[in-house]
Amino acid sequence: MNMKKYSAGFFILCAALLSLAGCGEKASLTLANGEQQTLSDYRGQWLVVNYFAEWCAPCLREMPLLNELTASEGPKVLAVSFDSLSEVQLAKLADRYDMAMPVVKSLAGDWPFDRPNALPTTMILDPKGNLVDSIQGELEPDDLTRLKAAYWGKK
């Protein structure tokens, strides 16, 4: 290849583009208590990310099922508030609905999924942080049985 054909500007542009590739903002979350975490904090574990809202009846009906999952030796569970609520509002909500899992105020950065358009929506992330499944609509016991058999229950 004849390098003399390319200007220095071309090589600078290529280097800049290469340095940006794969350098997205780290996936992070803010818990209802203000604690900051990253997706990498869950590396090596299955993760269930459930979007909910207080005004969403199916979201609230599935909370006992998500509590059971949280108490099991299965995946880690995060309940992500669809609405922008204060830490105090989220704490009251978590208490009112006996939410055993961590409640997330917000997600930021490069998560392997987009914010859902429907509620409830549940995302399943593998131990490497990749999205492997998602369910729109209220979770049923059969859904958790299927997910366990397909993912975290495998030996």
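Modeller: Two strands are said to pair if DSSP finds at least two bridges between them; strands (E, at least two residues) and helices (H or I, at least four) are DSSP runs, numbered from the N terminus. The model is predicted, so local features need pLDDT of at least 70 and side-chain atom pairs count only at pLDDT 80 or more, while totals for chains, interfaces and linings use all residues. Residues are numbered from 1 along each chain as its sequence is written, and side-chain values use heavy atoms, with hydrogens and water left out.

The sheet is open and mixed in its pairing, with 7 strands in the order β2-β1-β5-β4-β3-β6-β7. At its edges stand β2 (36-38) and β7 (131-136); each has a single partner strand, so one side of each lacks a neighbour in the sheet. From one strand to the next, the twist averages 30°, where angles run from 0 to 180 degrees between N-to-C directions and axes are lines fitted to C-alpha atoms, for helices over the stretch in contact.

Helices complete the picture. Helix α4 packs on the sheet, touching β3 (47-52), β4 and β5 (103-108), and its direction makes about 135° with that of β5; contact means heavy atoms within 4.5 Å. Helix α5 (residues 141-150) lies across β6 and β7, running at about 170° to β7.
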